[in-house]
Amino acid sequence: MARLQLGCLHAFKPQPYFNPIRIYHARVFRLFSISAKYAAENDGARSASTVPGRKGMFKDADIDTSHIVRTTISPFYNPLDPSKRQIRLLRITGVSEDGIVECSFHTASLDGDISFATLSYVWGDASITREICVNGRRRNVTRNLESALRQIRNYSANSDFHEEDSIDSGTVPGQSDTNEENRDEDYTAIIHNGARTGDRLRRRVGLGLLPLWVDAVCINQDDILERSHQVQLMREIYAKSFPVLSWIDSTESGSMDLALKTIRELAPACLQPSSDFDWYQHPELCDLAADVDSRFQNKYWNAIHDFEASEYFHRIWIFQELWVGRERTFFICNNECLPLVSLLVYGRWAFQLGENWTDQMPPPILNADLRYSLKLRIPKFLQLSVNIMVTFKDSVDFGDIITLFLDYQCKDPRDKVYGLLAVLPMEITPDYEKSVEDVFVDFITNSALDASPGTLLVLSGIGVHPRSNDRVLPSWVPDLELLGDQLTFNTYKLAEVAAVKPEIPIQFQPSMFKTKGITCFGIQVTDVSEVAIQALNELDDTDIAAYRAWLVILKYLAQNKSYLLSDVILNKCDRARDFIRTLVRVGPDDPAHVSGGSEPSNPIPLSRFDEFSTSSLFKRLLVNIGTAASEMEESEPDLVQSTLESLGFASKWDMWVIWEFFGVEYVVDDDDDGIDYLDLSLPASLFNQAIFHTSSGLVGIGPAGMVATDKVYLIHGLALPIILREVDGKFVNVGACYIQGISDEASLEILKEREKDVQEINIV
């Protein structure tokens, strides 16, 4: 049996996965060479005797809590003693005659020698509840939590179990084992035997032999002081527990059991390189089923896809729990049990398969249509694998942290920060009395974060959309809750975050302070003279929004023909070409995600468009827009008419008059494949961004909330221009933009040439 090679280095730039805007920049991916040293050094970080307070450093027992008011004195909970680092544990005791799951509480100290399990689950719809009974008192919990407790109890009650059944210690690596070769063998043991271990532990929990920690029940959520203190302990709670049971809601898809079973059975074979995988040993994965109507037409791959798409993998607290639990974590669903390690091994195999597929001859047993579907989108749990591994580095890049905010959601915006404290070694004390704004500012200005002021300016701004109406943040602080929506299809901003920052001259080093904001150095290069196309914010239906975007672009081209093309004749500038280059530069990496298509397309390099004259490029762009518009007319005629009218076209014939105006024949040449990329990029380029003209005659794209007279600056440490607005004698950040000719490397050259004009800029 070949051992799992955990020391392999994988440098890659995978395609966007769950979220089409995400850019995974090149990282060294030691997929399973998990740093036990890092874990050992940080396991006690949250249990240190001192924690930062608002006025300095305090011991736990000496924290001034006079400013905190307990919102509820609940008869359901007895108070915990923070100085003893107490937690409540839940023991499942049975089921009542009327079918209610019965449990009991008992209190334990994390400083004691205790054994317990933890439950990782999605809270679910808070309006759909069921009753459980704790210490003789009934209370409501969400349906998903009650289902988890009931299933654990029922599974144990219906299984043969003997207390003397041993747990094979060889299937769980020790936390202090730093020998990589031993850890390789440990992980291999988990893959082969871990499901049996997890199964036995689940039975112990269900029979009440092993207590369980469940956050929503074991923490008094109405007691702000207790809630804040318990969140500080969560890393250690999950680190000390064995096992971590990850409940996958079976009602979300009836195929969850099948997914866990399929991955569990595949995992041993996935220890081998993907090129050595024997498809003949797994015929069930190789053919289509006529009665299966979904993505893969194969119930096994469909089940794995449903599992990957589960809400479970998109919650920020879940990521923290899996990150801490790692090899002690087991997914459970009805009768199945899958070790997390097995899932990650499968994920690595699937990633390798996707990367190397073109180099391998497809086995005859694998159906050609299924092979094509798997090549396009084989489920590989890439988001989870990458995020777990990159956060095990000695220092976590700010770009990596940003991707965590984009990938994971939470109900309380403050948990965008508090939900990562077990992962990131930051001296931040959870305090749910603080406002969301204060928590975000504390995070961004934390010394351990090492976020450059330039990066913060790219991710923030009063002009970015969507924006919270009841949240007032400094203009240089990103809204961590809305960041994912604000960056949707703004890949040029994410690329700037991931890029290697240019060296900043010593005299132009920026600084950042909570009270003063960001002080940086730069020059004004132009200002906004006109917002030519307002940003489109209708993202409810991608096809409808894309159609509207095409028509908006069409109208813009008609109204600005002379502006875009006149100077080309005079050889002064080429606004039409710059406009097209801008759309391509800021468009998505994978236009198939935007168009709704299934086959990904590779981005066309900007140099590709130099093969066409400006007038030919302009006409081809119009033809592509018209082609897309015609297709929409056939599928949604009523919608097309209402959209046309809302944009000022009397009818579709009024729209076609533009073609006569440009003298364009409705013919698509055979050699315009490169230009086809444009019509796919156009909709994404306008979502939450606006097209604008500058007083110097340039065309750019930037934040939706910009206005005429806003100023465009180049800042040392950034390759993108920043739009600033003067308010009451102070500068506020409107947002980053892209302007062909003064962005990327060109911005660095301009700053170098105009060094004598550089001035200090304070942004509040």
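Here is a short exchange on helices, strands and cores.

Modeller: Keep in mind that this is a predicted model.

Colleague: Why are α6 and α7 called roughly perpendicular to each other?

Modeller: Helix α6 (residues 256–270) and helix α7 (residues 299–308) pack at an angle of about 105°. The label covers angles from 65 to 115 degrees. The angle falls in that range, so α6 and α7 are roughly perpendicular. Their axes are 8 Å apart.

Colleague: Which residues in α6 and α7 meet?

Modeller: From α6, they include M256, L260 and I263. From α7, they include Y300, I304 and F307. By class, this contact of α6 with α7 has nine nonpolar, one polar and two charged residues.

Colleague: What makes strands β5 and β6 a pair?

Modeller: A pair needs at least two bridges. Nine bridges join β5 (residues 86–95) to β6 (residues 101–109), so they pair. The two run antiparallel. L89 stands opposite H106 in β6. β5 and β6 form a hairpin, with five residues between them. In the turn, G99 has a positive phi of about 85°.

Colleague: How do you know that β6 also pairs with β8?

Modeller: Three bridges join β6 to β8 (residues 129–134). At least two are needed, so this is a pair as well. These strands run parallel. C103 has V134 in β8 as its bridge partner.

Colleague: Which residues touch the most other members of the largest nonpolar core?

Modeller: They are W301, F307, F331, Y346 and F443, in a core of 167 residues. Helix α9 (residues 340–356) gives the most to this core, with nine residues.

Definitions and conventions:
Residues are numbered from 1 along each chain as its sequence is written. This is a predicted model: local features need pLDDT of at least 70, side-chain atom pairs count only at pLDDT 80 or more; totals for chains, interfaces and linings use all residues. Side-chain values use heavy atoms; hydrogens and water are left out. Axes are lines fitted to C-alpha atoms, for helices over the stretch in contact, and angles run from 0 to 180 degrees between N-to-C directions. Helices (H or I, at least four residues) and strands (E, at least two) are DSSP runs, numbered from the N terminus. Angles under 35 degrees count as roughly parallel, over 145 as roughly antiparallel, 65 to 115 as roughly perpendicular and the rest as oblique. Contact means heavy atoms within 4.5 Å. Ala, Val, Leu, Ile, Met, Phe, Trp, Tyr, Cys and Pro count as nonpolar, Asp, Glu, Lys and Arg as charged, and the others, Gly among them, as polar. A nonpolar core is a set of buried Ala, Val, Leu, Ile, Met, Phe, Trp, Tyr and Cys residues joined through side-chain atoms within 4.5 Å. Buried means under 20% relative accessible area, exposed over 50%, partly exposed in between (1.4 Å probe, protein chains only).
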